[in-house]
Amino acid sequence: MFNEIWGPRIALTLTHTRARVKVNRDLTEEFIVKCRVKQGDPLSATLFSLVIDTILKQMEIRGNITTHLKQCTAYADDILLTTRIKQSLLDTFQKLKEISGQYGLTVNGQKTKYLRSTRKNYELEELQIDLMYLDQVQSYKYLGSTVNSDNSIEEEIQYRITLGNKAYYANQCFFKSRLVSKKSKLKLYWSIVKPIVTYDCEAWGLKETIQNKLMVFERKVLSTIFGPTKERDGAWRIKTNDELDELIRRKNIIT
């Protein structure tokens with residue numbers, strides 16, 4: 001359907017195309033555009049979206065992995081194939097490769113990896129599909145989140161906390177400045193630092209140990225924002241966890 005309808009129409013916009021460039025108020029002489037659509041061209045993303053949508057429809061993969069043997073998740077050119085058995089993975093990947101080839105798209109074997117989700121110990125081995133060899137990995141990143149073989153999120157959350165620390169120390173001069181109000185510092189934390197740590201948190205299953213790590217990180221930032229408490233005798237002390245929770249009205253990083 002894409003080739004029959006959209007192919008000729010798009011080809012007309014790219015065949016025998018003439019253009020002129022405006023420099024200040026003057027136009028250059030007319031010239032013929034001989035190059036194809038470049039990667040940064042807005043039309044490039046539109047064309048790719050149309051093609052990849054057509055490819056996925058021809059894959060005929062409906063539903064999700066909870067009720068089917070296979071599932072396909074795609075965001076732009078990042079495609080994730082999830083299957084229950086190895087043979088289903090081989091068949092699905094081969095079908096994706098063949099359909100993509102019909103539209104001039106190829107699968108990058110060097111960037112394509114596969115992961116086996118199991119808690120048992122196993123040796124890493126290559127997966128051969130025709131003449132393509134795919135490396136097996138124990139973890140990989142998909143859309144900014146870490147996926148590993150044992151389905152644990154400790155590695156992902158620790159990575160998120162590390163990124164949060166980098167964002168915190170990069171803006172530490174604002175958090176410690178007396179010229180910036182505490183309200184502005186809280187907004188800075190809630191709008192910049194906290195979203196980095198809690199990215200994709202909707203899919204997290206938090207254990208008590210993980211919750212403690214997140215709370216320790218947040219309380220460190222809040223202690224910097226609100227500072228110590230001065231007692232009646234003139235001594236200074238660090239605010240307690242309950243005092244910090246009261247200051248943010250119990251809206252901590254876990255809730």
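Select Lys-57, which counts as exposed at 60% relative accessibility; exposed means over 50% relative accessible area, buried under 20%, and partly exposed in between, with a 1.4 Å probe and protein chains only. The model is a predicted one, in which local features need pLDDT of at least 70 and side-chain atom pairs count only at pLDDT 80 or more, while totals for chains, interfaces and linings use all residues. Residues are numbered from 1 along each chain as its sequence is written, and side-chain values use heavy atoms, with hydrogens and water left out.

Lys-57 forms a salt bridge with Asp-53, their closest N and O atoms being 3.4 Å apart; the term denotes a side-chain nitrogen of Lys or Arg within 4 Å of a carboxyl oxygen of Asp or Glu. The two residues are separated by about one helical turn because they stand four residues apart in helix H2 (residues 42-59). Helices (H or I, at least four residues) and strands (E, at least two) are DSSP runs, numbered from the N terminus. Asp-53 is partly exposed, with a relative accessible area of 37%.

Next, select Arg-18 and Glu-30, a salt bridge whose closest N and O atoms are 3.7 Å apart. Arg-18 lies in strand E1 (residues 17-19) and Glu-30 in the loop between E3 and E4, so the pair ties together parts that are twelve residues apart in sequence.

Asn-24 is the next stop, in the loop between strand E2 (22-23) and strand E3 (26-27). Its phi is near 60 degrees, a positive value in a residue other than glycine. Most residues other than glycine have a negative phi. Asn-24 is exposed, with a relative accessible area of 71%.

Now display helix H7 (residues 208-226), whose 19 residues reach 26 Å from first C-alpha to last. Its buried residues include Ile-210, Leu-214, Phe-217 and Leu-222.

Definitions and conventions. The expected span of a helix is 1.5 Å times one less than its number of residues.
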